[in-house]
Amino acid sequence: THFGYETVATADKEKRVAEVFHSVAQKYDIMNDFLSGGVHRLWKRFTIEVSGVRAGNSVLDIAGGTGDLTIKFSRLVGEKGRVVLADINESMLKVGRDRLMDRGVAGNVEYVQANAECLPFPDNSFDVVTIAFGLRNVTDKDAALRSMQRVLKPGGRLLVLEFSKTTHPLLSKIYDTYSFNLLPVIGKVVADDADSYRYLAESIRMHPDQETLEGMMRSAGFERTSYHNMTGGIVALHRGIKP
Ligand code: SAM
């Protein structure tokens, strides 16, 4: 199978994404550490730091997967707060729930199977919405951004952590070689799953760059948008406020 976007009709994308995350769910955490050399932990830590999440807040972690952000938010919001870990994929959600239970994460976390494009929550529900390494997998990104805007309270913040465009040509070259030649091989050796990691590389390449994503956030109704590049733009953290 070839998971390139060019060769796959949009209608098939959802199915592909479902297959990929069903397939990688059990090994997702190990592979994250392995493929990023642990650096994804720093990207996530920074996201938590700038989220401004406080005790009593209501937080939605959409495409939350195995719950790296949710675990931290659960501690920050405390007993009076609430964190919703939402993901479209049953397998990812199950691995996430089991993992959080094992870690004794507090009872302030809810688990919801949901598509980011049409979030099943009332308007003005959350102080903060996060989507980490999730948006590039969503078929209709504009619909997803509008849906996130809708469920945020006025003054609430959206944080989008996602692969982005490297800022240095040499770094781009090294990174492209890594992701297109090495990633599938590592995926094959470590997880016996070259296709999923080929999808990963292609989805990163197709994702909108920093300026484009910021424009999309503005079109979806966010204000005071900004982004912060990390690791030479391999990853960017976008922020926006619902007016
Ligand atoms: N946020 C976690 C993290 O940073 O480790 C998981 C990221 S994982 C690369 C991407 C997640 O997005 C998967 O769990 C996948 O099921 C989820 N996903 C893909 N499309 C989605 C959609 N349309 N709505 C909600 N979640 C989606």
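In helix α8, the buried residues are Ser196, Tyr197, Arg198, Tyr199, Leu200, Ala201, Glu202, Ser203 and Ile204, where a residue is called buried if 20 or more other C-beta atoms lie within 10 Å of its own, exposed if 12 or fewer, and partly exposed in between, with the C-beta atoms placed from the backbone. Helices (H or I, at least four residues) and strands (E, at least two) are DSSP runs, numbered from the N terminus. Helix α8 covers residues 194-206, 13 residues in total, and its first and last C-alpha atoms are 19 Å apart, close to the 18 Å expected at 1.5 Å a residue; that expected span is 1.5 Å times one less than the number of residues in the helix.

The model shown here is a predicted one, in which local features need pLDDT of at least 70 and side-chain atom pairs count only at pLDDT 80 or more, while totals for chains, interfaces and linings use all residues. Residues are numbered from 1 along each chain as its sequence is written.

Helix α3, at residues 39-51, also has 13 residues, and it reaches 19 Å from its first C-alpha to its last, close to the expected 18 Å. Its buried residues are Trp43, Lys44, Thr47 and Ser51. Seen down the axis of α3, these buried residues fall within an arc of 95°, so they line one face of the helix; the arc is that of the directions from the helix axis to the C-beta atoms. On the other side of α3, Arg45, Glu49 and Val50 are exposed. The elements that cover the buried residues of α3 include α4, β4, β5 (152-163), β6 (223-230) and β7 (235-241), and contact here is counted when the C-beta atoms of two residues, placed from the backbone, lie within 7 Å. Just after α3, Gly52 takes a positive phi of about 70°.

Helix α9, at residues 210-219, has Leu213, Glu214, Met216 and Met217 as buried residues. These cover an arc of only 160° around the axis, which puts them on the same side of α9, whereas Glu211, Thr212, Gly215 and Ser219 are exposed on the other side. The buried residues of α9 pack against α6 (141-151), β5, β6 and β7, and just after the helix Gly221 takes a positive phi of about 100°.

Which residues does the record point to as a binding site? An unreviewed UniProt entry lists Thr66, Asp87, Asn115 and Ala116 under "binding site"; UniProt positions are given in the numbering used here, feature names are shortened, and annotations may be inferred rather than shown by experiment. Thr66 sits in the loop between β1 (58-62) and α4 (68-77), and it counts as buried because it has 23 C-beta neighbours inside 10 Å. Leaving aside its neighbours within four places in sequence, Thr66 is in contact with Tyr28, Asp29, Met92, Val95, Gly96 and Arg99. Ala116 belongs to the loop between β3 (109-113) and β4 (126-132), and it is counted as buried because 25 C-beta neighbours lie inside 10 Å. Not counting residues up to four places away in sequence, Ala116 touches Ile62, Ala63, Ile131, Gly134, Val138, Ala144 and Ser147.

Asn124, with a phi of about 55°, is in the loop between β3 and β4 and counts as partly exposed because it has 13 C-beta neighbours inside 10 Å. Phe133 also has a positive phi of about 55°; its place is in the loop between β4 and α6, and it is buried, with 21 other C-beta atoms within 10 Å.
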